[in-house]
Amino acid sequence: MDERIQKLIDSAKTKFGLSDYYLETHGFFRNVNIFNETIYTFYMEWFPKHVAKPDDDSNPEGTAVIEFNLHAGKFERAIFVMGKTYAKDGIAFPNMDFNDIIKWIEEETGLIYGNQFQLRRQKEREFYFGGCIDGVAVSPAGLIEVKLDSDGKLTMFSVLGPFPSKNMVIEETYHLSFEKIEHLAKEQLKLIEFPSDEQKKIIPVYGVEEIFVTNDGRSTIPIELDDPFYVKIDEIILWDEPINEPFERKEIRWIEDIKAEQAFSNEPSPDSFPITKEEQDRCVQAVKDFLRQVYPNDTGKWMLKTLKRNKGYIHAKVRANYRDYRVFQRKLEIIIDANRFQVVNYLDTEMMLQTFDQFQKPDKVTVTKEEAFEKIKELFELKPVYVYDFEQKQYVLCGKLDCQYGVHAAGGEVILLDELI
């Protein structure tokens, strides 16, 4: 066995008290972070010696799943399956002292509490932390999770996402107020139709589309739920003739075979490479041919929005070339072989959306946008947050504009949006 691998195995066994465990599987996987850096992780699955191995591929209760980030040189995940641990002399906090837990997290991560991470919520023996810059939230936000059993033994430790250092931040004084950006707040109020599963009814609601506003109040940054490494296409797909052949789905292989030399030399992942103009053109053609096969009568009804690499494939996001007020829109995710530029599989949200066809239609809208805005104007939230600007490659100070409430567009009452979902 590679000496470097053996060293990581021995370190995990000692650190997490796994003397009553045996190493069942191990290997590498890689991801590309928001800074377009390839991150290799060494994973291990340790089975308890005295627990019978299941007949299927599942992990028995008490299995320790350990992950080590080679880029950071730190353990970033330790999960004991079903919250059961058989570790001896492992990580434990018998007094459940919060300060002891904080000190241990700081030692493990190199982060400083209050400066780079802060407590978001606590539930009995579960602690959830989020990234920050001197107490100000960041986006995208790093997350830290710690769980203990009734004896204070560690059953879960997880570090996920970026925690920026000071040299990545453009520090400034927060100047925004709601009065300065009230016009932007009004623009973000949208009429949306929510499907209420409880009422089996479509409910028209004026709700706020959350957004970041730069500290000078002059521009906005949309809140991206996906990572930024996609290519915008925004092309309506047209054709004259369909393809009268059945489409055959192919199995997707998500697990890469990563060798030790690739991991320890930090070989760049293909997912970190840009999608060239030639590749974009070939993907557009692949999407067109796919639509001609599977949706032959839909010429002009679909728009190719973006392309993005993922595990050796290129994912094409396609949406219907119309937009109604529904909160959920018809979308396709088309998966393209990045070598042959042929579609191998796809996902369609149609089946999910069809469940809403049986719902009662929305009541007639009787409330204007102006009336709705006046009803919830005082309920808007504007909080400082450092947002990563992918052009400047630094975190810039913004205000996150949001509102947890909406206005029923037919009845006029103010409602909590979470109650509709």
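**View 1. The exposed face of α1.** Turned away from the buried side of helix α1 is a face with the exposed residues E3, K7 and T14. Exposed means over 50% relative accessible area, buried under 20%, and partly exposed in between (1.4 Å probe, protein chains only). Helices (H or I, at least four residues) and strands (E, at least two) are DSSP runs, numbered from the N terminus. The model is predicted: local features need pLDDT of at least 70, side-chain atom pairs count only at pLDDT 80 or more, and totals for chains, interfaces and linings use all residues. Residues are numbered from 1 along each chain as its sequence is written, and side-chain values use heavy atoms, leaving out hydrogens and water.

**View 2. The buried side of α1.** I5, L8, I9 and A12 of α1 are buried. They lie on the same side of α1, because they cover an arc of only 100° around the axis. The arc is that of the directions from the helix axis to the C-beta atoms. The cover over the buried residues includes β1 (21-32), β2 (38-48), β3 (64-69), β4 (74-80) and α4 (260-264).

**View 3. The ends of α1.** D2 caps the N-terminal end, with a side-chain oxygen 2.8 Å from the backbone nitrogen of R4. After α1 comes G17, with a positive phi near 65°.

**View 4. E67 in strand β3.** E67 sits in β3. This residue is buried, at 11% relative accessible area. Beyond four places in sequence, E67 touches F29, T41, F42, Y43, F75, E76 and R77. Contact means heavy atoms within 4.5 Å.

Definitions and conventions:
A polar contact is a pair of N or O atoms within 3.5 Å; within protein, one must be able to donate a hydrogen and the other to accept it, and residues adjacent in sequence count only if both atoms are side-chain atoms.
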